[in-house]
Amino acid sequence: MLKKIPVTEIRLGMHIHAFCGAWIDHPFWRNRFVLKDPKDLTLIRNSVIREVWINIDLGLDVPAQPESAAVTYETAAEIPVEAPPPPEKTSFADEVKRAGRIVGKGKEAVLSMFQEVRMGKAIEAEAAAPLVEEISNSVLRNPGALISLARLKTADDYTYMHSVAVCALMIALARQLGLSEEEVREAGMAGLLHDMGKAMIPPEILNKPGRLTDAEFDIIKSHPAEGHRLLEEGSGASAAVKDVCLHHHEKIDGTGYPKNLTGDTMSLFAKMGAVCDVYDAITSNRPYKDGWDPAESLQRMASWKGHFDPAVFQAFVKSLGIYPIGSLVRLESGKLGVVVEQNPQTLLKPRLKVFFSTKSRSYIAPQVVDLAKSAEKIVAREDAEKWGITDVNRFWVAETQ
């Protein structure tokens with residue numbers, strides 16, 4: 001039986017079944033666990049959460065009280081669920097702060113899952129459902145915010161942040177393809193769990209800064225099958241989620257791995273996973289290379305014949321924009337700017353932070369330019385290194401502060 005109690009009455013040994021409040025507002029990525037650590041008890045009491053549901057069949061109940069002082073608690077077999085209103089669209093600047101919290105907590109959740117797998121604990125996919133829901137809602141409010149922040153990862157936290165990023169990319173792509181909201185969340189779960197097999201790869205190989213030997217690459221190539229095995233042994237992962245885990249490195253021309261599937265034999269979700277996984281990988285800083293510019297990455301991916309399903313890839317481009325946030329572009333005037341927000345009406349006219357003059361080869365006072373309201377036009381994607389620009393990201397990130 002479930003019982004709702006105030007956080008002041010929580011005791012060690014109780015089984016927390018759910019927090020009364022938003023997932024992003026409580027201090028844990030899991031909703032259900034037995035409270036054993038006094039530090040966790042302090043975290044709950046110091047959070048904004050004021051009530052929790054406990055499961056008295058799986059943990060301690062509140063202490064019995066004299067009849068004269070007895071308090072009546074709300075009880076239920078299942079927590080009543082009220083459908084929340086659909087998230088309202090927001091600007092990039094409004095969404096980015098909440099998205100930053102989701103990304104940070106998401107990274108902690110994936111790190112925790114990897115650590116649990118390494119200790120032999122089975123994966124409980126359903127425990128990650130609130131995280132997928134938060135990411136899904138953020139992408140619905142403004143797709144650029146969380147997707148862009150998740151791309152900003154260091155080489156050290158790449159493996160964990162990559163899972164959060166691919167989750168968000170899969171959600172945006174699923175909506176672009178017109179899938180149902182249930183399928184959208186399933187796609188998000190597939191993105192979040194697609195690389196769990198990397199938990200079984202030795203860190204010295206996974207994070208090697210130099211070129212892998214053939215033997216080391218064979219070990220890396222085992223991670224889809226390892227991840228699929230972990231999901232099979234765990235609980236809560238759907239057939240589609242397991243399929244993406246096993247087949248996100250397949251290519252439509254049959255040269256991928258581990259099964260050499262083709263466009264005719266790959267599922268839609270696997271085709272989606274292949275695109276999202278590669279895009280985040282090549283735009284991120286890795287132990288052995290710096291990430292490519294987002295627009296350059298899309299251009300290169302478009303040239304890889306036989307790699308991606310054309311319809312899925314085109315939908316992916318539409319979901320991000322031809323010039324994704326963080327892309328460096330040159331205007332007709334010769335000024336350089338970085339894309340800071342998309343224009344929903346036209347992919348060719350995003351908002352830019354203009355900060356460099358190619359004519360004087362020098363920095364200029366940063367200025368936000370909305371191309372939908374300007375005579376300026378983008379004439380080309382630009383290479384930051386060519387102009388001696390070392391950190392393009394700081395200009396669009398500054399727009400979010």
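Mentor: Strands here are DSSP runs of E with at least two residues, numbered from the N terminus, and two strands pair if DSSP finds at least two bridges between them. The model is a predicted one. Its open sheet has 5 strands in the order 9-8-7-6-10, and their pairing is antiparallel. Strand 9 (362–370) and strand 10 (378–381) are at the edges; each has a single partner strand, so one side of each lacks a neighbour in the sheet. From one strand to the next, the twist averages 35 degrees.

Within this sheet, strand 6 (residues 328–331) and strand 7 (residues 335–341) run antiparallel and are joined by 3 bridges. Arg330 has Leu336 of strand 7 as its bridge partner.

Helix 5 itself covers residues 158–176, and its 19 residues reach 26 Å from first C-alpha to last, close to the expected 27 Å. Of these 19 residues, 18 are buried. Gly178, which follows helix 5, has a positive phi, near 80 degrees. Met272, leaving aside residues up to four places away in sequence, touches Met170, Leu173, Ala174, Leu177, Leu179, Ala187 and Val312. In soluble globular proteins, nonpolar side chains tend to be buried together.

Key:
Residues are numbered from 1 along each chain as its sequence is written. This is a predicted model: local features need pLDDT of at least 70, side-chain atom pairs count only at pLDDT 80 or more; totals for chains, interfaces and linings use all residues. Side-chain values use heavy atoms; hydrogens and water are left out. Helices (H or I, at least four residues) and strands (E, at least two) are DSSP runs, numbered from the N terminus. Axes are lines fitted to C-alpha atoms, for helices over the stretch in contact, and angles run from 0 to 180 degrees between N-to-C directions. The expected span of a helix is 1.5 Å times one less than its number of residues. Buried means under 20% relative accessible area, exposed over 50%, partly exposed in between (1.4 Å probe, protein chains only). Contact means heavy atoms within 4.5 Å.
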